[in-house]
Amino acid sequence: WLDFSDNLNFQQILIGFFDNATDQKDRLFDAHSMNNDFDMYSFIGAEKFTIQGLSAWNDTDRIIPLGFSTPDAGTHQIMINRAEGILNDVNIYLKDNYTNILYDLKSEPYTFQSGQGQYDDRLKLIFTRNSMAVDNIEAVKNINLLSNKGKYLIVSDKNNISKVNVYGINGKLLRTFDSRTPEKTVSFDLRDVSHQVLIFKIELKDGTPVILKGVR
């Protein structure tokens, strides 16, 4: 059982391994997402599920894509509510594709920043017997990307920002910030940019790289 929450909302999903289930849609083991404004789900093909039964665990690594939608920008959290059966002895990791963070969900909840909207390519849940090298997420925890009608503000709570490159989805460099005097806040006016996914490559004062994504 996974819990997804922010300051106001809560959603829970279930992913399990069962002897009689398959990795395709099963009437007895799967339930579709209700498509709420605040929602989290796994995928079978392009369809969204809040309960997904998978074929029996066979000690082979399994990677499950996750998506979510949120009506509000801000701090969000994903945590294991409980693990049962074989999953008590399996490592469970969360990969955040937007920040390139690999996180051990059994250690503590994963807290991250998100903008408003739907994100179907950001998260992957990994079940494995192997131990994987996880990342220090303190830098990412303390950086917020705020947006309002094409204007963007990056706020770093602890470590000042030295450099930011903003790229379009096609890899084109749209804006840059590079300063000998690192700042806690960096702003960009991107109202002249067409609607697309934006990639913010950030370098902090201590050299730590952080990658965030936004939507124009």
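**Close-ups of a predicted model: salt bridges and a sheet**

**View 1. Arg 175 is partly exposed, with a relative accessible area of 25%.** This is a predicted model, and the first stop is the contact that Arg 175 makes with Asp 192: their side chains meet in a salt bridge, 2.7 Å from N to O. Arg 175 sits in strand E15, whereas Asp 192 is in the loop between strand E16 (185–189) and E17, so the pair ties together parts that are 17 residues apart in sequence.

View 2. Zoom in on strand E17 (residues 197–204) and E18, and you'll find seven bridges in the antiparallel sense.

**View 3. Asp 96 and Arg 122 form a salt bridge, with their closest N and O atoms 2.9 Å apart.** Asp 96 belongs to strand E8 (residues 91–96) and Arg 122 to strand E11 (residues 117–128), so this pair ties together parts 26 residues apart in sequence. Are these two side chains buried or exposed? Asp 96 is buried, at 0% relative accessibility, and Arg 122 is buried too, at 3%. Both get that label because buried means under 20% relative accessible area.

**View 4. Glu 47 and Lys 25 meet through their side chains in a salt bridge, at 2.8 Å from N to O.** Here the link runs between distant parts of the chain, 22 residues apart: Glu 47 is in strand E5 (residues 47–55), and Lys 25 is in the loop between strand E2 (10–18) and strand E3 (31–32). Glu 47 counts as partly exposed at 31% relative accessibility, and Lys 25 is also partly exposed, with a relative accessible area of 48%. How many salt bridges does the structure hold? The count is seven, and the Glu 47 pair is one of them.

**View 5. Confidence is highest in strand E1 (residues 2–5) and lowest in helix H1 (residues 138–141).** The mean pLDDT is 96 for strand E1 and 58 for helix H1. Over the protein chain, the average pLDDT is 88, and 96% of the residues score at least 70.

Note on methods. Residues are numbered from 1 along each chain as its sequence is written. This is a predicted model: local features need pLDDT of at least 70, side-chain atom pairs count only at pLDDT 80 or more; totals for chains, interfaces and linings use all residues. Side-chain values use heavy atoms; hydrogens and water are left out. pLDDT is the predictor's confidence in each residue, from 0 to 100. Helices (H or I, at least four residues) and strands (E, at least two) are DSSP runs, numbered from the N terminus. Two strands pair if DSSP finds at least two bridges between them. A salt bridge is a side-chain nitrogen of Lys or Arg within 4 Å of a carboxyl oxygen of Asp or Glu. Buried means under 20% relative accessible area, exposed over 50%, partly exposed in between (1.4 Å probe, protein chains only).
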